[in-house]
Amino acid sequence: MMFSGKQTKPTFKSYLPPLQTESKKSPQLPIKKLEAKLLPGEIVVNEANFVRKCIGAESCQDDLWGKLVCTNFKVSFITHKSLPQQRFQCTHRLLGEHDIPLACVEQVVTVNDVKGKQKILGSNQKLKFNPTELILYCKDFRIIRFRFDEAGPESAKKVCLAIAHYSHPADPQLLFGFEYVGKRYHGSTGERVNGVDPGGGLQTPLFDCSSDWDREIKRTGASEWRVCTVNQGYFISPSLPEFFVVPVSLADQDLKQYACFFYSQRIPLWCWNHSSGSALVRMSNISDPQQQRKVEQRISSTITKSHPLRSDVFKSDLDKNLPNIQDIQAALLKLRQTCVIDPFEESEEKWLSSLESSRWMEYVRTFLRHAVEIVYMLESRRVSVILLEKEDRDLSCVISSLVQLMCDPHCRSLHGFQGLIQKEWVMAGHRFLDRCNHLKKNDKEESPVFLLFLDCVWQLWNQYPAAFEFTEVYLTVLGDSMWVPVFSTFLFNCPRQRAEHSRDFASSKSIHLGQDQALRFPPVWDWSQQFSLKDQTLFNNPLYVGKIATCVQNGTVKTFTHRRSKKNYSSTMRGLPSVLRNGSLGPNDTLARRNSLVLRLRSDLTQVREQQETPSERFVREFFSRPVDLQGLLLPQLLPSHISVWKLYFLRWVPEAQIPQGGPITTFHKLSVLTDEIEMLQNQLRQYKGAGSTPNNLHTEHSKMYFKATSTPQQSPAPPEYLSSSFPFSPVGNLCRPGILGTPLSKFLNGAKIWLSTETLANETV
């Protein structure tokens, strides 16, 4: 029996099953399959298994293994392993922590380090060698590396070619936003699915209807201006919105007659009215020299009639006073070189001089300074201003928005700021499709004009943080949203282009549009598309001093307007002592570090300088001699030492620049806890006195702060260990600069150019 061919069975003497022969292997535990999470309309184009994502700078000990996937929307890396010692609290609903939108990919570089070959991949190109490494340069300053040491050579080549091809769409309708909107909001029969109306119920005005413009006219008191409908159906100008505001005295017939004299038929657009009655207007140049004088006089006359004092009109030629879009693009490329490719050491003289030579900070100062000059004309001179630009679609967007931010506290609220961008950028026809270079067709048209504007806003925010309802995290996320091409906000060059492409796409996909007449893309202002309600609380500024705030006195809820006492504030609020005038020092003042080199001028020279100052300089000097009013006019300090590097955006992926458990995030954490505690105590007082009926259990859900107070105010929680100055972003796994310098590409990456150029590699391309 023992040697029979029958399988032995356990008996009462043997409580273990018999050993299996070698031919019968033990069953393997089921392994979870690595699959990409796909959005409506998203499809997998190509993928490669056994890919290594480089995490560590020198060794591969902390690298991640997984699958590299290319879809029609993103480059996705799927892994079971989490990043070392990291916790991601802020979760993007459209993107995973290892995902890169294709629109964010600036350049695709393939490397074979064994043969010493490399190539920049474009659309529809061939790759004659098997890549061992893939490097993705991203528009948000990330550099991401993947290794194919264990992956199949053919699958590695195919996924690289797919990424290069799909990151260079040939037509706007190939951008993922069209497929996403078509699949998510429209069923096969054309009805809306999920009952969702993109953009519906938003508090942010989109200025795509006359009622939004009417409300803005009433809000600013522009009684001598009216909503014009002469461009309905884009009858006059293809790049203007269907509704805009013009002087009451300017008839529709005159607008039709004068339109042909302006570049792109862009007739003057009203932006905003000062409380004095002065108007801010933007206008393209007149293309017909013979008609220039006549048309300008007519336009100026109607603007003068709209002013209660019948003041003259001041014209500001932005093309002559500001850098052009090519200068701005060149400055950003040099800034990228300095921040993420060159060796980083903030205190090193070479790094600081490289930062200065990029001219990015200089351009930020230039735009802020010019905006202050326009504010002076509106506020002090009380005259209307026309911003002149050849096509009125780039520089005027920046200046008109900055002027309103400095003058109008409504624009410093969250919804006011979003409405400002919608009005002065989206509906006014800023070329987001070309300037973001989503199609990567014409590099000469690419320019980070909107990013420059956000940097200018951040400079103002950095000097007056309590004047803004939003945080710098919000500004950073807004800048990143340009590369998530599912929102109408940053996807098109003008409203007409959006309507035409939407109709064409709907027709090709047999989508019945009904009364909409076009696909309704969601605006970026519907933040629930990207973040949960909890994550959106990172946008709320705990320092914000609103126009109206509530307080509790003796158990009674009272409403009051914040006012500042008439005393001088510390330099931490204003940036410098209040007696500083145009860069000079008073006899008892001292300045920190870099400003210590400023010469102390003798009193007689100071008097001479004050006598020679221009009226606008006097206006600025007088402003800084008064106490700050956070709900009034705000002017930025403009000495070079006042303009800082926007570290959360430009340096967030640089590990050497991070401050573990420190930096601004620590301050934000403390302020959030205090603000949340105050709100909780106010709710309890309202309940106690019967002034409100908010249940206690709603506090946790509806708190306006990301970090919440504990039940015992004496035991405020310490910042979690995973926080750093880059929160809620993380540099781990998103930038491997030292590792890149060890590849055969180092001789190019150490050069003056930020990206590898096709011309440079022409002789080495296989």
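Before looking at any helix pair, I note how axes are taken here: they are lines fitted to C-alpha atoms, for helices over the stretch in contact, with angles from 0 to 180 degrees between N-to-C directions. I also keep in mind that this is a predicted model.

**Entry 1: α10 and α13**

I began with helix α10, residues 395-407, and helix α13, residues 449-463. Their axes lie 10 Å apart, and the packing angle is about 20 degrees. Angles under 35 degrees count as roughly parallel, so α10 and α13 are roughly parallel to each other. I then looked up the hand of the crossing, and for α10 and α13 it is right-handed.

Which residues of α10 and α13 meet? On the α10 side I found V398, S401, L402, L405 and M406. Facing them from α13 are V449, F453, C456, V457 and L460. Sorted by class, this contact has 9 nonpolar residues, 1 polar residue and no charged ones.

**Entry 2: α7 and α9**

Next came helix α7, residues 325-341, with helix α9, residues 360-379. Here I read an angle of about 140 degrees and a distance of 9 Å between the axes. Roughly antiparallel would need an angle over 145 degrees, so α7 is oblique to α9.

For the contact itself, α7 brings D327, I328, A331, L332 and L335. The partners in α9 are W360, Y363 and F367. By class, I count 7 nonpolar residues, no polar ones and 1 charged residue in the contact of α7 with α9.

**Entry 3: V385**

Is V385 buried or exposed? V385 has a relative accessible area of 0%, and buried means under 20%, so V385 is buried.

What does V385 touch, apart from neighbours within four places in sequence? My list reads A279, L280, V281, F314, I374, M377 and L378. I also checked R282: V385 and R282 are 103 residues apart in sequence, yet their C-alpha atoms are 8.2 Å apart in space.

**Entry 4: the whole protein**

Last, I stepped back to the totals. The protein has 25 helices and 16 strands. Of its 766 residues, 54% are buried. Taking contacts with a separation of 6 or more, I find that 72% are between residues 24 or more positions apart. The accessible surface comes to about 36300 Å², and carbon and sulfur atoms hold 51% of that surface.

Technical notes
Residues are numbered from 1 along each chain as its sequence is written. This is a predicted model: local features need pLDDT of at least 70, side-chain atom pairs count only at pLDDT 80 or more; totals for chains, interfaces and linings use all residues. Side-chain values use heavy atoms; hydrogens and water are left out. Helices (H or I, at least four residues) and strands (E, at least two) are DSSP runs, numbered from the N terminus. Angles under 35 degrees count as roughly parallel, over 145 as roughly antiparallel, 65 to 115 as roughly perpendicular and the rest as oblique. A crossing is left-handed if the near helix is turned anticlockwise from the far one by less than a right angle, and right-handed if clockwise. Contact means heavy atoms within 4.5 Å. Ala, Val, Leu, Ile, Met, Phe, Trp, Tyr, Cys and Pro count as nonpolar, Asp, Glu, Lys and Arg as charged, and the others, Gly among them, as polar. Buried means under 20% relative accessible area, exposed over 50%, partly exposed in between (1.4 Å probe, protein chains only). Accessible areas come from the Shrake-Rupley method with a 1.4 Å probe; for residues, only the protein chains shown count as cover.
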